[in-house]
Amino acid sequence: MDGDTQLSKFKMWIGGEWVESASGEYFESDNPFLGKPWALIPKGNAQDADRAIRAAHEALTKGPWGKMTATQRGALLRKLGDLIGPESKQLAEVEVRDNGKLFAEMSAQTAYMAQWYYYFGGLADKIEGSVIPIDKPDTFNYTRQEPIGVVVAIIPWNSPLLLTAWKLAPALAAGCTVVIKPSEFTSASTLEFMKLIEQAGFPPGVVNVVTGFGAEVGGPLVEHPLTNKVAFTGSDRTGAMIYQAAAKGMKRVTMELGGKSPNIVFDDAEIDNAVKGVISGIFAATGQTCIAGSRLLVQKSIHDQFVDKLVALAGTAKMGNPMNADTQVGPVTNPPQFRKILDYLDIAKGEGANPVLGGSKANRPECGDGWFVEPTIFTGVNNRMRIAQEEVFGPVLSVIPFEDEDQAIEIGNDVVFGLAAGVWTQNMRRAFKMAERLQAGTVWVNTYRAVSYLSPFGGYKKSGIGRESGQDMIREYLQTKSVWISLATEVPNPFVLR
Ligand code: NAI
Ligand code: MG
């Protein structure tokens, strides 16, 4: 850090070197709590993208990486995990400054992310091909699981380091090399993290970071002929664009996109727990999460009572400096997102929704010049309204009443997304049946916002393609080769299929 007045200047990490952008240009990154710039990030372009992809390709095909055993690769990943622990607070601080996330959440998240490197480090040498009992005489057939190649990881601004870990850990375990493109709003933590990649001793070019804007550097990374796969998390709009661009080069993709997840509360739920679960689903991380439980579906018989309790508790949420341990709702990460949330508040009011809490920009003294939005709850929402259908990505909850299980399912599933869903009930049959009928990649019962390196995560419908985390998901970074070896003493009739 250069002190208060000067901006901290960062460098990119390409081919095992700290470098400036090809143009020598930088762009500013803001501190959302102060509402002003704090860092200078290299402004990459197509030339930088090309350099990084070539470094990754070279590391894959020529460097020591390709010759390392899976056990050695796994050991490097575990070493990286070990390095994260002591640095987790420092990484968290950088993220809080750049992103506005709460230090309380960030420090736990950076510490926890080491588990992805341990887990996939352990998995690296347990990936096995198979010997097929093939139906031809004197023939040996086996499969090899090989790395898919050069992976481009495109990361959004809401949880940069964790979402990077979800891609980087399995990709490296599989033997791939990686170019990371962090969001232009939050590049600093990823660049800081590369110090640990360097310290762990990954060979040059195995992991690279190119910073800059989506169209200027993200596009060229996706389109590069040496790119084999794109692993993306972000908006559905950008995801669709990248999917199309990847299709032209027949590149593999995994896509983790948005959501409009229902958090469904039945009248037999433990009400106080459900209130907390609904709050955690929409106000944690200022609602800027893909899994936000942004639609509260509440059974009619308890609607008024539940909303009263919810408003009472949400109304106590402390806003302010995200570094303070007692702050509960921090700023919005960037000005476009701030404007987008405020626009949605107007849209909802225009549609006739009733703001029973918040409904505006926050003007509390403890929020200073930061980009703060009041935690907002709208009642009187019906599922056809835009506020019920579109991802706001902010602290804005829509409350929708329902009669019974069938109607909860009908409304819950009636969105284009299918990332997650929550169910609050004490009835076991109901819990299992709801989990079965909800169209979502993750269903939480009597909890919300739980994720683990052990459990697959991803979307149904327009929420994505493929899964992240969990044992099987390493396959997203592998391709299968079938090898045939004839043990016959002579080649039979050459004019027929063997
Ligand atoms: P975005 O989806 O446009 O950006 C995500 C990443 O993609 C960034 O690194 C960006 O630089 C990159 N990118 C953008 N255009 C690209 C292109 N043509 N080719 C390659 N890479 C490209 O998200 P953005 O603009 O930051 O936020 C827009 C909205 O997306 C938010 O308002 C929010 O609603 C939603 N969002 C959803 C997230 C989720 O996890 N579901 C995460 C972040 C944003
Ligand atoms: Mg920033």
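Which hand does the crossing have where H8 passes H9? The crossing is right-handed. The model discussed here is predicted.

## Helices H8 and H9

Helix H8 covers residues 271-283 and helix H9 residues 303-314; their axes come within 10 Å and cross at roughly 55°. The two helices are therefore oblique to each other. On the H8 side the contact is made by Ile-271, Asp-272, Ala-274, Val-275, Lys-276, Val-278, Ile-279 and Phe-283. H9 contributes Gln-305, Phe-306, Lys-309, Leu-310, Leu-313 and Ala-314. By class, the residues of this contact divide into ten nonpolar, one polar and three charged.

Val-311 is also found in helix H9. Leaving aside residues up to four places away in sequence, Val-311 touches Val-356, Leu-357 and Ile-377. Val-311 and Val-94 are 217 residues apart in sequence, and their C-alpha atoms are 33 Å apart in space.

## The seven-stranded sheet

An open sheet is formed by seven strands in the order S15-S16-S17-S14-S13-S19-S20, with mixed pairing. Its edge strands, S15 (354-357) and S20 (442-445), each pair on one side only. From one strand to the next, the twist averages 25°.

Within this order, strand S13 (residues 262-265) and strand S14 (residues 295-299) run parallel and are joined by four bridges. Pro-262 has Arg-295 in S14 as its bridge partner. Helix H10 (residues 335-350) packs on the sheet, where it touches S15, strand S16 (376-379) and strand S17 (396-402). The direction of H10 makes about 20° with that of S16.

## Helices H2 and H5

For helix H2 (residues 70-99) and helix H5 (residues 188-200), the axes come within 9 Å and cross at roughly 155°. Because angles over 145 degrees count as roughly antiparallel, H2 is roughly antiparallel to H5. H2 passes H5 in a right-handed crossing.

From H2, the residues in contact are Leu-76, Lys-79, Leu-80, Leu-83, Ile-84, Glu-87, Gln-90, Leu-91, Val-94, Glu-95 and Asp-98. They meet Ala-188, Ser-189, Glu-192, Phe-193, Leu-196, Ile-197, Gln-199 and Ala-200 in H5. The contact of H2 with H5 has eleven nonpolar, three polar and five charged residues.

## The magnesium ion (ligand 2)

Asp-98, one of the H2 residues that meet H5, is also a donor residue of the magnesium ion (ligand 2). The protein donors of this ion are Asp-30 (O), Asp-98 (O), Asp-98 (OD) and Phe-185 (O), and they lie 2.3 to 2.5 Å from it. The spacing of the donor residues in sequence is D-x67-D-x86-F. Asp-98 lies in helix H2, whereas Phe-185 lies in the loop between strand S9 (177-181) and H5, so the pair ties together parts that are 87 residues apart in sequence.

## The three-stranded sheet

A second open sheet has three strands in the order S1-S5-S4, and its pairing is mixed. Strand S1 (8-9) and strand S4 (26-31) are the edge strands, each pairing on one side only. S1 runs parallel to strand S5 (residues 36-42), and two bridges join them. Lys-9 stands opposite Leu-40 in S5.

## Helices H1 and H6

Helix H1 (residues 46-61) and helix H6 (residues 214-223) have axes that come within 8 Å and cross at roughly 40°. Their crossing is right-handed. In H1, the residues Ala-46, Ala-49 and Ile-53 meet Glu-216, Val-217, Pro-220 and Leu-221 of H6. By class, this contact of H1 with H6 has six nonpolar, no polar and one charged residues.

Note on methods:
Residues numbered from 1 in each chain as written. Chains lettered and ligands numbered in written order. Predicted model: local features only at pLDDT ≥ 70, side-chain atom pairs only at ≥ 80, totals over all residues. Heavy atoms only, no water. Axes fitted to C-alpha atoms, helices over the stretch in contact; angles between N-to-C directions. Parallel < 35°, antiparallel > 145°, perpendicular 65-115°, else oblique. Left-handed = near helix turned anticlockwise from the far one by under 90°. Contact = heavy atoms within 4.5 Å. Nonpolar A, V, L, I, M, F, W, Y, C, P; charged D, E, K, R; others polar. Pairing = 2+ DSSP bridges. Donors = N, O, S within 2.8 Å, 3.2 Å for Na, K, Ca; no water.
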